[in-house]
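Visitor: I am new to this structure and would like to learn how to read it. Please start with the general idea each time, then turn to the case at hand.

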Amino acid sequence: MSSQAPVSSSAQAHLMGVYNRAPLAFERGQGARLTSTDGEVYLDCMAGIATNALGHAHPRLVNAIKTQAEKLWHVSNIFRIPEQEKLADRLTAETFADVVFFTNSGTEAIECALKLARKYHSAKGQPERIDIITFEGAFHGRTYAAVNAGGNPSYTDGFGPRLPGYIHLPFGDHEALKAAIGPTTAAIMIEPVQGEGGARAVPDACLRGLRELCDQEGILLIYDEVQCGLGRTGKLFAYEWSGAAPDVMAVAKALGSGFPVGACLATRDAAAGMGVGAHGSTFGGNPLAMVVAYEAVDEIAKPSTLDNVREVAGYFTQQLNGLKDQYPDIIVDVRGRGLLIGIKLIPNNRDFMVLARDQKLLVAGGGDNCVRLLPPLTLTIEEAQEAVAKIGRACEVAREHAKAKA
Ligand SMILES: *Cc1c(COP(=O)(O)O)cnc(C)c1O
């Protein structure tokens, strides 16, 4: 085969076909703006799926990565890594947690949480406690354990037998939950705000109920804050709204604001089984990732950043509900928390994403026929106004399309 093949649609010929990609590529980004390879400027309200929390090319992160790149990228975890100790100190100071394990992704942070939960009970003399309870609509990542935990058949079909030890319950069914807990239960795992499932927030009272239940039963409560954590809801972590702390929490996406890094946070007691040799990662927590993540966390944790999230989120909620009233034939629900916003649609959500792109607005898809707005936490009110206007125009076009079909 010629190595001189022209760049065309066949340019994807050597990529595994696991993604449904839009015919669009980007060359550079600045704040909430992305410039495509054909020179068009887009307003980015998906932020790499809640990942570019500080927008693109944030000067503080650019500076951090440049400085560290000239010093030290990677050393093995068989050595002390001061940059890792510093970020762990910060994350534990900001949360319920006492200890942290660093990973490269969200699914690995979940993997650590799942292993930790079983090891916890095993170390306490109850190795039969292996079951992890999760909820319909959940998404916990794509490793073999994570897809089994999530339970979405389209992610498990064809990958051999389902793993034992994962129990999936309906969302919000308290009786089913009580009935499911027994002598083999290890933990309950939940996203305080479901992301991929379509921006569904778990009521604060339910999280407090889960906390009580886990205490009564001697099982662990695991939060998956990979998407809803790190400022996304207007507090540093989504669980803070409820006051119900978990025993274990997975974070990633926004942790490096675009640099691949994740973490599993836990209380010292919950992590009691995770002694020397119990777990590990080659790349996890390397100095380059740690320095970028520390700067990102420090910037996200600023009151001014979190205040901005709340203010812009309030504006979106009000304006999007206005659009819902104006276009009841297009928008049926506006939900979520903070800047994790779900717009549940009547027309197909994938089609609506294309209409938004035609307006030079990028939004994410989501379960339950939603599109999600997951803009940088630094989005300004003016940019939010622009986003709302673009969504309004997309609604207008969607209405015209529906009329033409009828
Ligand atoms: C994205 C996501 C994951 C998986 O993270 P990856 O970095 O893609 O492995 C897990 N849980 C939730 C809630 C997520 O949104």
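Guide: Domain bounds come from an automatic or database domain assignment. Here the protein chain is divided into domain 1 (9–58 + 303–405) and domain 2 (72–300). Taken over C-alpha atoms, the centres of domain 1 and domain 2 are 27 Å apart. This is a predicted model, in which local features need pLDDT of at least 70 and side-chain atom pairs count only at pLDDT 80 or more, while totals for chains, interfaces and linings use all residues. Residues are numbered from 1 along each chain as its sequence is written, and side-chain values use heavy atoms, with hydrogens and water left out.

Visitor: How many residues does the contact take from domain 1 and from domain 2?

Guide: Contact means heavy atoms within 4.5 Å. The contact takes 27 residues from domain 1 and 27 residues from domain 2.

Visitor: What area is buried between domain 1 and domain 2?

Guide: Buried area is the accessible area (1.4 Å probe) that two parts lose on being put together, summed over both. Between domain 1 and domain 2 it is about 2200 Å², with carbon and sulfur atoms giving 57%. On the side of domain 1, L306, R337 and L340 supply 29% of the area buried against domain 2, more than any other three residues.

Visitor: How many salt bridges does the rule find across the interface of domain 1 and domain 2?

Guide: A salt bridge is a side-chain nitrogen of Lys or Arg within 4 Å of a carboxyl oxygen of Asp or Glu. Across the interface of domain 1 and domain 2 the rule finds two salt bridges. The side chains of E196 and R372 also meet in a salt bridge, at 3.2 Å from N to O.

Visitor: How is a pair of aromatic rings described?

Guide: By the distance of the centres and the angle of the planes. Rings of Phe, Tyr and Trp (its six-membered ring) pair if their centres lie within 6.5 Å; planes under 30 degrees apart count as stacked, over 60 as edge-to-face and the rest as tilted. The structure holds six aromatic pairs. One of them joins F96 and Y239, which is edge-to-face because the ring centres are 5.8 Å apart and the planes are at 80°.

Visitor: Which residues is F259 in contact with, leaving aside its neighbours within four places in sequence?

Guide: F259 is in contact with I65, L288, A289 and V292, once those neighbours are set aside. F259 and M290 are 31 residues apart in sequence, and their C-alpha atoms are 9.7 Å apart in space.
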